[in-house]
There are 2 protein chains.
Amino acid sequence: MSKSRLMYLPLGGAGEIGMNCYVYGYGPEDAERLIVVDLGVAFPDMDTTPGVDLIMPDIAWLEARKNQIEAIFITHAHEDHVGAVGHLYERLGAPIYCRAFTANIARRKMSEHGYSENSVKVVGPWPETVKKGPFEVGFVPISHSIPESSGLVIDTKGGRIVHTGDFKIDVDPGVGEPFDHDLWASLGKDGVKALVCDSTNVFSKEEGRSESTVGPEIEKFLKDAKGMVAATTFASNVSRVRTIALAAERAGRSVCLLGRSMKRMTEAAKEVGILTDFPNIIQPEDVGNLPRENVLLLVTGSQGERRAASAQLANGKYMGITMKEGDTFLFSSKTIPGNEKGVIHIMNQFSELGVDVVDDNGGLYHVSGHANRPDLDTMRDLVKPQTLIPMHGEHRHLREHVKIAEAAGTQGVLAVNGMLIDLSGNQPRVAEFIETGRTYLDGSVKVGQFDGIVRDRIRLALNGHVIVTLIIDEDGDPLGDPWCEVMGLPETGRNNAPLVDVLEEDLSQFMGRANNKTIADDTKLEKELRQIARKTSQGEIGKKPEVTVVISRLG
Amino acid sequence: MSKSRLMYLPLGGAGEIGMNCYVYGYGPEDAERLIVVDLGVAFPDMDTTPGVDLIMPDIAWLEARKNQIEAIFITHAHEDHVGAVGHLYERLGAPIYCRAFTANIARRKMSEHGYSENSVKVVGPWPETVKKGPFEVGFVPISHSIPESSGLVIDTKGGRIVHTGDFKIDVDPGVGEPFDHDLWASLGKDGVKALVCDSTNVFSKEEGRSESTVGPEIEKFLKDAKGMVAATTFASNVSRVRTIALAAERAGRSVCLLGRSMKRMTEAAKEVGILTDFPNIIQPEDVGNLPRENVLLLVTGSQGERRAASAQLANGKYMGITMKEGDTFLFSSKTIPGNEKGVIHIMNQFSELGVDVVDDNGGLYHVSGHANRPDLDTMRDLVKPQTLIPMHGEHRHLREHVKIAEAAGTQGVLAVNGMLIDLSGNQPRVAEFIETGRTYLDGSVKVGQFDGIVRDRIRLALNGHVIVTLIIDEDGDPLGDPWCEVMGLPETGRNNAPLVDVLEEDLSQFMGRANNKTIADDTKLEKELRQIARKTSQGEIGKKPEVTVVISRLG
């Protein structure tokens with residue numbers, strides 16, 4: 001029997017922020033028993049993934065080892081950690097373990113895909129553990145921006161790994177367990193092989209601030225505001241939703257929740273018993289019965305999402321409610337890079353309505369859910385790992401995180417997606433590079449990042465499309481002239497001649513001089529027609545379009 | 001003869017940041033003589049304008065009044081102020097006036113379009129003026145982030161207008177004239193009808209900082225850095241380029257310029273005599289002959305532009321130069337909203353190379369070229385206008401600017417693109433709403449924002465494209481079955497059946513049951529085939545593609 005290996009393999013989330021998926025293994029090399037930590041999604045954008053619905057990690061490596069997988073553990077219910085469970089569950093075929101709030105969200109996703117609720121098992125907080133194969137795994141409560149976030153203690157005969165999940169150090173988080181320094185220190189007292197640690201805020205130099213600092217500021221803000229106020233934050237940040245709602249209550253404002261996820265998340269938190277002091281809410285249809293200065297709308301869409309409540313309010317109306325001159329809109333949130341234009345669009349629409357917009361104002365109305373640099377130091381000091389492996393970050397975050405660990409005397413390993421790290425020895429090493437990537441959910445189909453489908457759509461968007469059709473008769477002679485249709489291109493080019501006319505003219509001329517050999521050869525004919533269409537377009541409109549040639553041969 | 005009217009009409013730049021174009025008129029109503037201030041461009045993005053090369057203001061209103069236009073005045077050489085001169089000159093047919101540095105840039109653009117250099121006239125600084133029709137216009141030096149920026153004094157019998165152009169208040173700007181409080185106060189002493197004023201930084205609450213504060217910080221930074229350093233800023237910010245180059249010299253580093261515009265801009269500044277103390281530069285091929293710690297690369301691409309020097313260095317190599325572990329890359333710039341992802345991409349690429357990246361670090365290595373809120377107050381206090389008209393801002397900026405002016409006792413007018421403001425009376429009023437918009441340069445063709453071309457390309461990118469071809473014979477009968485090609489769609493859908501096969505099957509079945517009336521009617525047939533193709537696609541791949549139907553009728 002070969003020696004057992006303890007391994008770590010990130011398939012998503014290491015070298016990017018999004019679609020988290022980490023694999024741990026223990027057992028004989030290449031036959032390790034495996035567990036998966038998190039199955040998240042990332043979100044598409046027009047620049048790189050137009051028309052794509054969701055982005056998931058490529059789990060081909062895992063799927064090929066389906067019978068080695070013991071279980072899936074989900075650290076918390078953010079989409080970038082739990083979003084792919086429904087989409088990928090069948091290909092992994094292992095039970096899912098998480099805490100109650102996370103399970104509530106995960107089960108909804110599983111149901112949507114027709115899976116039983118039993119596929120998701122609820123685990124209580126540490127010291128409760130789950131034993132699966134060579135692993136014993138416990139969920140250690142940790143503060144973050146969603147209820148019941150947990151770090152994982154992963155024990156094997158090869159040693160203990162502590163996987164932080166997303167976290168901040170907050171001893172007064174509002175909802176859920178405060179960060180417990182003693183508990184985290186206790187995890188490290190018998191030695192920790194590796195601390196696999198959130199890196200999101202490694203560039204933020206000040207100690208992170210507690211959720212409890214936000215409430216008084218928002219309360220003051222709501223008392224000072226004259227008209228109706230709408231406030232937005234991530235609905236999953238139940239603690240913030242509560243902070244704002246309680247501040248509203250103290251400021252004499254009734255709370256109305258707008259947006260489906262706002263209701264879903266607060267309900268989930270109430271169902272699992274962690275949200276007990278939420279004020280009574282009023283319904284949208286009752287808002288009009290109250291003086292504006294007694295209303296606080298709590299709305300979805302902090303990132304400028306087009307269909308969210310915030311965007312619809314900015315656009316004029318949502319659920320019969322309109323905002324107007326004298327009202328205020330508060331972003332109790334930070335704009336994620338890439339979402340700036342959408343958020344700014346909403347701000348300008350509110351401006352047109354006469355609504356004042358206030359953003360987080362340098363942190364007065366928002367605090368981050370991730371550990372800043374000094375907090376990462378604290379975590380490392382508590383757990384005292386042999387090795388620090390940064391995760392949940394772009395390359396620059398991981399690199400910086402390794403640097404600060406090594407500067408403090410802890411060895412660090414920069415492992416990006418696909419690097420299989422052997423943790424068995426004292427010196428972790430890169431054992432293998434696994435081919436990884438992204439899987440796109442496109443409509444109802446999963447396509448690979450490099451399948452060329454999305455690349456073709458980007459080309460269509462940049463270059464437009466010319467379709468050339470040509471009929472060849474039974475005798476192998478062209479029947480009539482080639483025919484063009486265009487999409488996404490100017491109708492007229494140079495000298496105001498219609499582009500289609502010029503294209504058809506040039507293509508016809510070519511057919512007139514083409515020899516039988518060319519005409520008999522689909523591949524050659526297609527290539528020639530495409531080239532002419534591109535060249536003519538370049539001359540007419542200064543653009544080389546995508547060209548599809550359809551040759552129909554009769555008989 | 002009707003009474004003369006003094007009017008203001010923004011066609012670009014008011015309600016957005018970009019493509020500045022402002023019109024002033026004086027004379028009998030609807031027959032005013034006109035001047036145009038700035039002819040700028042905005043830049044396309046994948047979200048809203050894929051494949052577009054440049055965005056310009058729609059100048060149809062001006063073109064229809066071509067014979068009323070006296071002149072075009074360009075305040076400074078930033079692309080959003082001068083970028084469209086070559087593209088729109090012919091449609092306006094009026095001479096272009098600007099200061100020497102701006103003229104240098106404008107003439108290059110005009111030459112590229114085959115126009116004579118004489119179309120651009122150089123004007124000296126105030127008190128020199130240009131008299132055109134009822135206008136007397138002077139260029140008043142003002143500090144900004146490009147040499148020879150100017151505010152305009154526009155005198156008519158209907159009163160004086162002061163148009164600030166883009167500006168900051170900097171009494172030690174490095175290159176060009178310091179801001180002169182006395183001069184600006186003198187402009188207002190006989191009364192100013194309207195101050196048309198930059199609004200970009202109205203939300204920045206602290207007084208703006210001088211360019212002169214940047215040099216010492218960068219010098220210290222360059223002295224402390226160990227290996228090679230590359231620094232990026234806008235090449236047009238000649239003052240910053242100089243600041244960095246002089247800091248490098250003091251830090252014992254030779255300067256190498258990388259990127260075409262870096263050379264073009266410094267040359268232009270030297271040609272017009274405003275850059276006299278720039279250190280000697282070394283050529284890219286000499287970089288390798290120097291110790292790394294004695295080199296400073298000054299590179300283009302501060303916004304993450306894909307083809308700029310910064311992106312190529314991040315990608316591995318530019319002009320034979322590579323950066324590596326121990327080197328540092330400095331952003332002496334701020335990321336413009338919308339460019340975050342491109343900038344972050346470069347940062348991560350540098351991280352992969354082991355290159356440390358430092359950004360403006362809360363303003364240590366960069367200062368803005370626009371006036372902050374207290375500076376806007378200063379400007380208003382100096383000029384003492386009857387009316388403040390904010391420009392160069394999104395709606396939220398203009399609205400805020402009006403608010404602060406009115407809070408300080410100056411009436412403000414919120415005028416967005418297309419609002420024709422009558423400034424003749426004591427109370428400015430919106431006289432008319434002009435239809436405005438954007439013109440896209442798409443390849444070599446100018447297309448209108450609402451022509452549908454770009455919208456079609458966006459649809460192709462989101463939905464993919466199905467092309468259905470069908471041949472109808474001389475007797476009006478289908479010749480063979482409909483034929484499909486797809487682009488940008490998954491090859492296989494549900495149950496792994498090829499999408500094209502399923503589409504062709506469903507379309508053939510339809511043709512089999514279609515009656516002669518349908519088959520004889522192109523419009524109807526097309527509509528039916530499109531609907532089937534969309535419905536089948538929805539079922540197979542969960543997506544409704546764009547469908548082009550090509551029906552070829554023989555004989």
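With which residue does Asp224(A) form a salt bridge, and how far apart are the closest N and O atoms?

Reply: Asp224(A) forms a salt bridge with Lys220(A), and the closest N and O atoms are 3.5 Å apart. A salt bridge here is a side-chain nitrogen of Lys or Arg within 4 Å of a carboxyl oxygen of Asp or Glu. This is a predicted model, in which local features need pLDDT of at least 70 and side-chain atom pairs count only at pLDDT 80 or more, whereas totals for chains, interfaces and linings use all residues. Residues are numbered from 1 along each chain as its sequence is written, chains are lettered from A and ligands numbered from 1 in the order in which they are written, and side-chain values use heavy atoms, with hydrogens and water left out.

Asp224(A) and Lys220(A) are 4 residues apart in helix 6 of chain A, so about one helical turn separates them. Helices (H or I, at least four residues) and strands (E, at least two) are DSSP runs, numbered from the N terminus. Asp224(A) is partly exposed at a relative accessible area of 47%, while Lys220(A) counts as exposed at 52%. The classes are buried, under 20% relative accessible area; exposed, over 50%; and partly exposed, in between (1.4 Å probe, protein chains only).

Helix 6 also takes part in a second pairing. The side chains of Glu219(A) and Arg250(A) meet in a salt bridge at 2.5 Å, N to O. Glu219(A) belongs to helix 6 (residues 214-224) and Arg250(A) to helix 7 (residues 238-250) of chain A, so this pair ties together parts that are 31 residues apart in sequence. Glu219(A) is buried, at 16% relative accessibility, whereas Arg250(A) is partly exposed, at 45%.

Over all chains, the structure holds 61 salt bridges. In chain A, a network of salt bridges links Arg5(A), Glu29(A), Asp30(A) and Glu32(A). In chain B, Glu177(B) forms a salt bridge with Arg99(B), whose closest N and O atoms are 2.7 Å apart. Glu177(B) lies in the loop between strand 12 (159-163) and helix 5 (181-187) of chain B, and Arg99(B) in the loop between strand 7 (96-98) and helix 4 (100-112) of chain B, so the pair ties together parts that are 78 residues apart in sequence. Glu177(B) is partly exposed, with a relative accessible area of 28%, and Arg99(B) is buried at 4%.

In chain A, the loop between strand 12 (159-163) and helix 5 (181-187) contains Asp170(A). Asp170(A) is buried, with a relative accessible area of 2%. Its side chain makes a polar contact with the side chain of Ser210(A) at 2.7 Å, and the side chain of Asp170(A) also reaches the backbone nitrogen of Asp172(A) at 2.8 Å. A polar contact is a pair of N or O atoms within 3.5 Å; within protein, one must be able to donate a hydrogen and the other to accept it, and residues adjacent in sequence count only if both atoms are side-chain atoms. Leaving aside neighbours within four places in sequence, the residues in contact (heavy atoms within 4.5 Å) with Asp170(A) include Ser143(A), Phe179(A) and Arg209(A).

The C-alpha atoms of chain A fill a box of roughly 85 × 75 × 45 Å along the principal axes.

Charged pairs also occur between the chains, where the count for chain A and chain B is 10 salt bridges. One of the pairs joins Asp356(B) to Lys403(A), with the closest N and O atoms 2.4 Å apart. Helix 14 of chain A supplies the largest share of the side of chain A that touches chain B, namely 8 residues. The contact takes 62 residues from chain A and 61 residues from chain B.
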